[in-house]
Amino acid sequence: MLSQDLIKKRILVFGSNGMLGQRVIEIYKKQPGIELMTTSSEENSIFPDIPYVPCDVTHRDSVKKIIYDFVPDVIINASAYTNVDKCETERELSWKVNVKGVEYICEACRVLDTHLIHISTDYVFDGTKGPYSEIDTPSPVSYYGRTKLASENAIKVSGAAHTIIRTNVLYGVISSGRLDFVRWVVNSIRKGEKIRIVTDQINNPTFLDDLAGAIAEIIRFKKYGLYNVGGRELLSRYDFTMKIVDFFNLDPSFVTAIVTAELNQPAKRPLKSGLIILKAESEFNYKPVSIDESLAIMKKELNL
Ligand SMILES: NC(=O)c1ccc[n+]([C@@H]2O[C@H](COP(=O)([O-])OP(=O)(O)OC[C@H]3O[C@@H](n4cnc5c(N)ncnc54)[C@H](OP(=O)(O)O)[C@@H]3O)[C@@H](O)[C@H]2O)c1
């Protein structure tokens, strides 16, 4: 009889062109024992050497077809409508992507007994008394947060085997698509642009490699339910920026401290936020690197 170790795990990644999706694939494609299938909404993948099928998650039949054709053991759902401000005006579309799309994935997961790993956010909270644990009560203040909370609820009632990971402020080694916060700070200041950064938004920023590693452990140990996955340090966005400035020897006079209200953004932000990671630390030995360690990895891998 074949040992389980000799059977390749089939992993399907939704949102493979996105920030998290890319990094997950970059790391997992080097692992033995994994057969990857990837999908995003764009026609082409940024990984020409990995099997890819374009799929709009708002199209139920396409979602089901890709899942039934590949028969995955695990689905990592890193797809989402992530523009927080646009979610306020594009309500129908953001609901379709963030909630209906997830429902379609769940329907197929339940039939095939596929383990769904879904990525959620600290934006399910109002940001009045963070950092938050898994047992705190969500109360989103933005439409994006409402869609993400609704996606969590849809998964919980779906009957699919699932893990929901809440995370916050993703950054790390990615080379395509939109810039993450760290590269935006570095690029802007190096170009001589002044940046205005808020002092009143508190988080524990999450290095993408730590999140990708946590997902791998969740798969390995078959951990189900809700887990917070974040960084080791809880700090304001301004203090995070100053760490980046310091590490990359940038000129701090290019950074102006402001408060969130000055930005007049369409969507309200949870201010005192962040995620307590004790459950992940104790249940699957999650050990995030420090911010300085993560910046050193980015500097090396991205030639920053
Ligand atoms: N970024 C953060 O700081 C942060 C913080 C907390 C939680 N999260 C959560 O983490 C997850 C990953 O975030 P991210 O920053 O990696 O997002 P991202 O870079 O915006 O990527 C989102 C992905 O979703 C795909 N997508 C969007 N609409 C789609 C549709 N209709 N059908 C199929 N795919 C669609 C996009 O595909 P294309 O690129 O092909 O269009 C993209 O690959 C999301 O669930 C997000 O809510 C992110």
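A residue counts as buried if 20 or more other C-beta atoms lie within 10 Å of its own, and as exposed if there are 12 or fewer. Keep that cut-off in mind as you click through this predicted model.

**Stop 1: a loop residue, Asn249**

Select Asn249, in the loop between helix H8 (237-247) and strand S12 (255-258). Is Asn249 buried or exposed? Asn249 has 6 other C-beta atoms within 10 Å, so it is exposed. Check its backbone too: phi of Asn249 is near 50°, a positive value in a residue other than glycine. Most residues other than glycine have a negative phi.

**Stop 2: the sheet**

Now switch to a cartoon view and look for the open sheet. Its 6 strands come in the order S2-S1-S3-S4-S5-S10, with parallel pairing. At the edges you will see strand S2 (34-39) and strand S10 (225-228), each of which pairs on one side only. From one strand to the next, the twist averages 20°. Strands of a sheet pair through backbone hydrogen bonds.

Begin with strand S1, residues 9-14, which is joined to S2 by 6 bridges. Highlight Lys9 and you will find Ile34 of S2 standing opposite.

**Stop 3: strand S4**

Next, select strand S4 (115-121). How many of its residues are buried? The count is 7 of 7, so S4 is mostly covered. Show the side chains: His115, Ile117, Ile119 and Thr121 point one way, while Leu116, His118 and Ser120 point the other way.

S4 has a parallel partner in S3, with 4 bridges between them. Pick Ile76 to see a residue that stands opposite Ile117 in S4. S4 also pairs with S5, again in the parallel sense, over 6 bridges. There, Ser120 stands opposite Arg166 in S5. To get from S4 to S5, follow the chain through helix H5 (residues 143-158); this β-α-β crossover is right-handed.

**Stop 4**

Why is S5 described as largely enclosed by the rest of the structure? The reason is that 6 of its 6 residues are buried. His162, Ile164 and Arg166 point one way from the strand, and Thr163, Ile165 and Thr167 point the other way.

S5 pairs with S10 in the parallel sense over 4 bridges. One place to look is Thr163, whose bridge partner in S10 is Gly225.

**Stop 5**

Most peptide bonds are trans. Zoom in on the bond from Gly130 to Pro131, though, and you will find it is cis, with omega near 5°. Pro131 sits in the loop between S4 and H5.

Move on to Val169, in the loop between S5 and S6. Val169 has a positive phi of about 40°, although it is not a glycine. Val169 has 21 C-beta neighbours inside 10 Å, and therefore counts as buried.

**Stop 6: the ligand and helix H1**

Centre the view on the ligand. Which residues come nearest? Of the 26 residues around the ligand, they are Gly15, Gly18, Met19, Ser40 and Ala80. Two elements give two or more residues to this shell: helix H1 (19-28) and S4. H1 provides the largest share, 3 residues. Colour the shell by residue type and it divides into 11 nonpolar, 12 polar and 3 charged.

While you are here, select H1 itself. Of its 10 residues, 9 are buried, among them Met19, Leu20, Arg23 and Tyr28. What covers the buried residues of H1 includes S1, S2, S3, S4, strand S6 (170-171) and H7.

**Stop 7**

Finish at Thr89, which belongs to helix H3 (residues 84-89). Thr89 has 12 other C-beta atoms within 10 Å, so it is exposed.

Key. Residues are numbered from 1 along each chain as its sequence is written. This is a predicted model: local features need pLDDT of at least 70, side-chain atom pairs count only at pLDDT 80 or more; totals for chains, interfaces and linings use all residues. Two strands pair if DSSP finds at least two bridges between them. Axes are lines fitted to C-alpha atoms, for helices over the stretch in contact, and angles run from 0 to 180 degrees between N-to-C directions. Two residues are in contact if their C-beta atoms, placed from the backbone, lie within 7 Å. A crossover is right-handed if, with the strands pointing away from the viewer, the path from the first strand over the helix to the second runs clockwise. A residue is near a molecule or strand if its C-beta atom, placed from the backbone, lies within 6 Å of it. Ala, Val, Leu, Ile, Met, Phe, Trp, Tyr, Cys and Pro count as nonpolar, Asp, Glu, Lys and Arg as charged, and the others, Gly among them, as polar.
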